Amino acid sequence: MKRKLALVRALVHSPELVILDEPTAGLDAASKYSMRSLVNCARSTSCTFLIATQDLWEAERIATGITILRNGEVMYTGSYAELCAQTPLRKFRLGCGVELERLWAYVSADSEVVRQEEDCLGATVLVHVGKKATCLDRHSGLGALSGGVVELPLSLEEAYLEMDRLGRDSDDW
């Protein structure tokens, strides 16, 4: 309640910029939702928010632009969508009974499975697409491809972890 009150008090004078540090840390789900609603409402009045957070799920839902720092240096600045597009990681959902081999129709032979999680409805597969991934790169948009294979959006956390891994391995970022 104190954080919401502090945010409302900060917004009373219609500032151009509000800086928030971990605004939802330690809040319950209802309070987090209220905080996001306040920020979205205030943002529609041309107020800019600079939010420092380690909660990538929260950032994914509230941010229009993202800057990621590692050891005090900027690793990435841009939108969530741009970050996901630059990441050589793709996420697919395979329907129940669909074999993993079906996925190779959409990615190149030099691609590799990073993680596969199965449940009673099928499997979710993260794939690091290879340098020769022409078929997938030309696929416009997310959604059903065919034969029980659906491309899903990456979460900000998945994109960040891949970017961080690549950043440690090379200077591509």
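Leucine 17 is partly exposed, with a relative accessible area of 49%. In this predicted model, leucine 17 sits in strand β1, which covers residues 17-21. Together with Ile19 and Leu50, Leu17 makes a nonpolar surface patch of about 310 Å².

Stepping back to the whole protein, there are six helices and nine strands. Of the 173 residues, 36% are buried. The protein exposes about 10,800 Å², and carbon and sulfur atoms supply 54% of that area. Among contacts with a separation of 6 or more, 61% are between residues 24 or more positions apart.

**Helices α1 and α2**

Have a look at helix α1 (residues 2-11) beside helix α2 (residues 29-43): their axes come within 10 Å and cross at roughly 10°. That makes α1 roughly parallel to α2, because angles under 35 degrees count as roughly parallel. From α1, the residues Arg3, Lys4, Leu7, Val8 and Leu11 take part, and they meet Ser31, Ser34, Met35, Leu38, Val39 and Ala42 of α2.

Helix α2 also holds arginine 36. Is arginine 36 buried or exposed? With a relative accessible area of 14%, arginine 36 is buried, since buried means under 20%. Leaving aside neighbours within four places in sequence, arginine 36 is in contact with Trp57, Glu58, Arg61 and Ile62.

**Salt bridges**

Side chains of opposite charge can pair when their charged atoms come close.

| Aspartate 55 | Lysine 32 | 3.9 Å |

In the salt bridge between aspartate 55 and lysine 32, distant parts of the chain are linked: aspartate 55 lies in the loop between β2 (48-52) and α3 (56-62), lysine 32 lies in helix α2, and the two are 23 residues apart. Aspartate 55 counts as partly exposed at 24% relative accessibility, and lysine 32 is partly exposed at 23%.

Glutamate 158 is buried at 12% relative accessible area, and lysine 91 is buried at 14%.

Arginine 115 counts as partly exposed, at 38% relative accessibility. Which residues are linked in a network of salt bridges? They are Lys91, Arg115, Glu117 and Glu158.

Definitions and conventions:
Residues numbered from 1 in each chain as written. Predicted model: local features only at pLDDT ≥ 70, side-chain atom pairs only at ≥ 80, totals over all residues. Heavy atoms only, no water. Patch = residues over 30% accessible without salt bridge, like charges linked within 9 Å, V, L, I, M, F, W, Y side chains within 5 Å. Areas by Shrake-Rupley, 256 points an atom, 1.4 Å probe, with all protein chains shown as cover. Salt bridge = Lys/Arg side-chain N within 4 Å of Asp/Glu carboxyl O. Helix = DSSP H or I, 4+ residues; strand = E, 2+ residues; numbered from the N terminus. Buried < 20%, exposed > 50% of the residue type's maximum accessible area, 1.4 Å probe, protein only. Axes fitted to C-alpha atoms, helices over the stretch in contact; angles between N-to-C directions. Parallel < 35°, antiparallel > 145°, perpendicular 65-115°, else oblique. Contact = heavy atoms within 4.5 Å.
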